[in-house]
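This report describes selected local features of one protein chain.

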Amino acid sequence: MKVLVTGGCGFIGSHIVDCLVSEGHEVVVVDDLSSGKVENMNGKAKLYVVDILSDGIEDVFRNEKPEVVAHHAAQISVPLSVKEPLFDARVNIEGTINVLDLAQSNGARKFIFASSGGAIYGEADCVPTNEEYVPEPVSPYAIAKFAAEKYIRFFFRRDGLKYAILRYGNVYGPRQVPHGEAGVVAIFTDMLLAGKHPVVNHFPEERRGMVRDYCYVKDVARAAVLAAGSDVTGIFNVGTGAGTYTLDLYGHIVGLLRERGATVPGAFDEPLRDEARPGDIRTNILDVKKAKEVLGFTAAYDIRAGLAGTIDWRLAGGKPQEG
């Protein structure tokens, strides 16, 4: 099948492209390179350097006529969304509507959307949280993702455009940028390797930090490819179903770096502390039974295995790409 991946030079999008290519699919990438990098580009895919809000993207759809569209181009920073909500809405709502409209008008059979299981549910009172829980987003980023989901379901009702909304947990792994929604792994690793003392943001009553469902990017890419090849329409949580405290995550990273010969001073055994930021939530763990039952997806990497792969990539010379 021919799949068009927006944001295909970015962190998650590039891994999806790699997975699609490895399975023999024809892949077209749309990326304006504002945060994605050409270095992430799979040489067997076709790249268009185009903004999803520009007129040029119409020509891409008209020329390529993709069967499936995997929409991963986005403004990815929760703090930036708090600071600049209008910009966030333009990219994450208007941009999604534009890509949706072009997918439908050019004959795509399915639309895959990168939503946020890590932010969209807010402070859920049901943990692990399943897809039936009504989201209560607490940041403009999460609000925009939820609004985009509503537009996707409208296009399905109006035009029959099938969809898979993938509510990703906190995704981490090779190629991750430190300023994204779940950039803490890249932040901690980079700072420790640079001899700097990382900071853990937390709520005063929870000294171990926040709890998150961290999902390795290769698992996420596999879930997206499974969704692209399926005729099933729906919303799916994509994660591990397990929660990790930020302080435990930090400890894993320190330990793995030392195991691999990196110098981490004893004074860094405990991170520095700071208050939670606007838009932060205390606990987020995803109920992932639906993805297993309907898409056949189960995460293959636990937190330690995923962190090991990430750190090995970093120590081998991989560097997060700044946009």
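A residue counts as buried under 20% relative accessible area, as exposed over 50%, and as partly exposed in between, with a 1.4 Å probe and protein chains only. Leu33, at 26% relative accessibility, is therefore partly exposed.

The model is predicted, so local features need pLDDT of at least 70 and side-chain atom pairs count only at pLDDT 80 or more, while totals for chains, interfaces and linings use all residues. Residues are numbered from 1 along each chain as its sequence is written, and side-chain values use heavy atoms, with hydrogens and water left out.

**Loop residues**

Helices (H or I, at least four residues) and strands (E, at least two) are DSSP runs, numbered from the N terminus. Leu33 sits in the loop between strand E2 (26-30) and strand E3 (46-48). Its phi is positive, about 65°, although Leu33 is not a glycine. Arg175 is not a glycine either, and has a positive phi of about 80°. Arg175 belongs to the loop between strand E7 (170-172) and H6.

Pro128 is found in the loop between E5 and helix H5 (140-159). The peptide bond leading from Val127 to Pro128 is cis, with omega near 0°.

Gly241 is placed in the loop between strand E11 (234-238) and strand E12 (244-245). Its relative accessibility is 31%, so Gly241 counts as partly exposed. Contact here means heavy atoms within 4.5 Å. Leaving aside residues up to four places away in sequence, Gly241 touches Asp213, Ile285, Leu286 and Val288. Gly241 and Ile285 are 44 residues apart along the chain, and their C-alpha atoms are separated by 6.0 Å.

**Strands E5 and E6**

Two strands pair if DSSP finds at least two bridges between them. Strand E5 (residues 110-116) pairs with E6 in the parallel sense over seven bridges. Ile112 has Ala164 of E6 as its bridge partner. Of the seven residues of strand E6 (residues 162-168), six are buried, so E6 is largely enclosed by the rest of the structure.

**Helix packing**

Two packed helices are described by the angle between their axes and the distance between the axes. Axes are lines fitted to C-alpha atoms, for helices over the stretch in contact, and angles run from 0 to 180 degrees between N-to-C directions.

| Helix pair | Axis distance | Crossing angle |
|---|---|---|
| H2 (residues 56-64) and H4 (residues 85-105) | within 10 Å | roughly 30° |
| H6 (residues 184-193) and H8 (residues 246-259) | within 10 Å | roughly 45° |

Angles under 35 degrees count as roughly parallel, over 145 as roughly antiparallel, 65 to 115 as roughly perpendicular and the rest as oblique. H2 is therefore roughly parallel to H4. From H2 the contact takes in Ile57, Glu58 and Phe61, and from H4 it takes in Asn98, Val99, Leu102 and Ala103. Ala, Val, Leu, Ile, Met, Phe, Trp, Tyr, Cys and Pro count as nonpolar, Asp, Glu, Lys and Arg as charged, and the others, Gly among them, as polar. On this basis the H2 and H4 contact has five nonpolar residues, one polar and one charged.

H6 contributes Val184, Val185, Phe188, Thr189, Leu192 and Leu193 to the contact, and H8 contributes Thr246, Leu249, Tyr250, Ile253, Val254 and Leu257. The contact of H6 with H8 consists of 10 nonpolar and two polar residues, with no charged ones.
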